[in-house]
Amino acid sequence: MCEDGLTVVFADRKALSKRLRKSKLVVIDGPDKGKEFIITKEKVSVGRGKINDFVVTDKTVSFTHFEILTTEKGYLLRDLNSTNGTYFSGCRIKEIYLNPGVIITAGQSKFKFVPLKESVDIPLSEKNRFGDVIGVSLKMREIFAILEKVVNTDLTILLSGETGTGKDIIASSIHKLSHRKDGPFITQDCSAIPRELIESILFGHEKGAFTGATSQHKGSFEQANGGTIFLDEIGELPLQLQPKLLRVLETKRLRRVGGVEEIEVDVRVIAATNRNIKEMISKGEFREDLFFRLAVIHIEIPPLRERKEDIPILVNHFLKQLSDSCPEMRIPRLSPEAMEKLMNYSWPGNVRELRNVIERAVYLSEGDIITPKDLHFPSTLLPDSLCMKREVEYDQSIYNLPFKKAKQIVMEQFEYNYLKALIERNQGNITHSAKEAGLTRFHLRELLKKYGLKSYD
């Protein structure tokens with residue numbers, strides 16, 4: 001295995017950049033024989049789709065077939081659930097670290113992996129925060145460096161990452177630090193709008209455009225004129241509306257529903273998604289041209305489990321926020337054992353879950369120090385199965401809280417466990433889950449988002 005794919009460059013014990021050793025893929029057999037691709041970034045994808053870094057014409061290769069990650073441990077090839085599989089020495093593989101000269105088969109094509117002597121430096125920000133976003137990890141400092149370069153441009157940005165990673169905070173920080181900071185910042189959650197109203201909500205409507213349109217309405221884009229619009233959950237945008245959004249992005253002009261006049265808008269667009277957009281494109285659920293227009297700058301936010309060195313600074317940040325918002329309240333500090341417990345947890349709800357755990361611990365702790373017994377993770381708050389009993393055993397400290405706060409904590413415990421069981425039972429299907437629970441799709445999505453739980457439709 002080649003172990004020097006990625007190294008960190010230090011000066012005075014501070015990491016300045018990541019040095020990536022270049023490598024290349026050479027097609028040695030198949031329809032694209034002789035074609036080469038130089039790898040100059042940490043993650044590249046290979047497949048038929050134009051969204052890949054290395055695009056091949058072999059029809060037996062999947063739309064997105066495999067990816068190569070350059071890491072400190074070496075070069076990791078990972079199959080992306082391809083139809084025909086990725087093979088090494090005749091064996092189908094899920095992932096493998098690549099040795100120099102190794103030959104990988106995908107479809108009817110064979111790829112040879114060749115490390116090169118040249119390298120490229122990936123800059124890291126000198127700062128541990130960008131606006132309201134904080135982090136000391138190399139991954140976050142790399143993101144900060146990119147954001148510092150593009151913050152005062154009008155380039156469209158796509159933020160990808162799991163629920164709870166802070167995409168909304170990054171978007172608002174970009175706006176606050178940009179030359180548009182004095183203009184409006186409009187957030188529009190594309191998953192929270194009924195499909196029949198989404199065009200009107202985004203682009204506005206004229207009086208009488210449809211039943212119930214009793215007056216003219218300016219949509220989110222017009223409201224954001226001179227500022228920034230944040231399109232959260234862009235992966236939920238209906239396919240039939242995507243061409244209209246693409247046209248607005250390209251022309252900076254829109255037409256309200258029921259209107260004839262074209263209205264010019266001066267808006268910077270930031271979009272976010274927790275879905276795999278590339279997979280959606282391969283299934284025909286998202287337009288490839290819209291992806292390219294949104295992802296002029298594409299930033300993937302790592303989950304908290306991949307940047308655990310950020311946990312201590314995040315904890316201190318949340319404690320300070322609580323202290324600032326409630327100056328009369330006693331704010332305890334964490335014991336080393338409690339911090340160790342936080343560091344060993346997997347954080348499926350990411351930063352949002354960490355904040356909730358810390359806030360709950362502050363209310364539940366009895367002394368000046370938060371101990372491990374004060375830390376309650378949503379997945380362990382209630383028994384795995386609920387039984388019909390009038391009394392349920394909780395941490396005794398909950399009974400020392402004001403009734404309203406104690407009730408809120410108990411309700412959150414129940415909601416998390418109920419929703420987790422519901423969504424797992426229905427294999428992530430929102431429609432089936434909502435019907436079973438007697439909730440609207442919109443309400444269920446909001447609850448799942450609140451607790452960092454995933455759905456798949």
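This is a predicted model: local features need pLDDT of at least 70, side-chain atom pairs count only at pLDDT 80 or more; totals for chains, interfaces and linings use all residues.
**Entry 1: the end of α13**

Stepping back into the helix, I asked which residues of α13 are buried. Within residues 441-451 I found Leu444, Arg445, Leu447, Leu448, Lys449 and Tyr451 to be buried.

**Entry 2: the open sheet**

Next I looked up a sheet. I traced five strands in the order β5-β4-β6-β7-β10, and the sheet is open with mixed pairing. Which strands sit at the edges? They are β5 (54-55) and β10 (95-97), each of which pairs on one side only.

**Entry 3: β6 and β7**

I then went to the hairpin formed by β6 and β7, which has two residues between its strands. How many bridges join β6 to β7? I have six on record, linking residues 66-71 of β6 with residues 74-79 of β7, and the two strands run antiparallel. I checked two facing positions along the hairpin. Thr71 stands opposite Gly74 of β7, while Ile68 stands opposite Leu77 of β7.

**Entry 4: β7 and its other neighbour**

I stayed with β7 and turned to β10. Three bridges join β7 to β10, and this pair is antiparallel too. One partner I looked up here was that of Arg78, which is Glu95 in β10. Is β7 enclosed or open to the outside? I count it as largely enclosed by the rest of the structure, because five of its six residues are buried.

**Entry 5: α8 against α10**

My last stop was a helix pair, α8 (residues 311-325) and α10 (residues 350-364). Their axes come within 10 Å and cross at roughly 50°. That angle lies between the cut-offs of 35 degrees for roughly parallel and 65 for roughly perpendicular, and the two helices are therefore oblique to each other. The crossing of α8 past α10 is right-handed.

Which residues make this contact? From α8 I listed Ile311, Leu314, Val315, Phe318, Leu319 and Leu322. They meet Val351, Leu354, Arg355, Ile358, Glu359 and Val362 from α10. Sorted by kind, the contact residues come to 10 nonpolar, two charged and no polar. I pencilled in Arg355 and Glu359 of α10 as the charged members of the contact.

Definitions and conventions
Residues are numbered from 1 along each chain as its sequence is written. Side-chain values use heavy atoms; hydrogens and water are left out. Buried means under 20% relative accessible area, exposed over 50%, partly exposed in between (1.4 Å probe, protein chains only). Helices (H or I, at least four residues) and strands (E, at least two) are DSSP runs, numbered from the N terminus. Two strands pair if DSSP finds at least two bridges between them. Axes are lines fitted to C-alpha atoms, for helices over the stretch in contact, and angles run from 0 to 180 degrees between N-to-C directions. Angles under 35 degrees count as roughly parallel, over 145 as roughly antiparallel, 65 to 115 as roughly perpendicular and the rest as oblique. A crossing is left-handed if the near helix is turned anticlockwise from the far one by less than a right angle, and right-handed if clockwise. Contact means heavy atoms within 4.5 Å.
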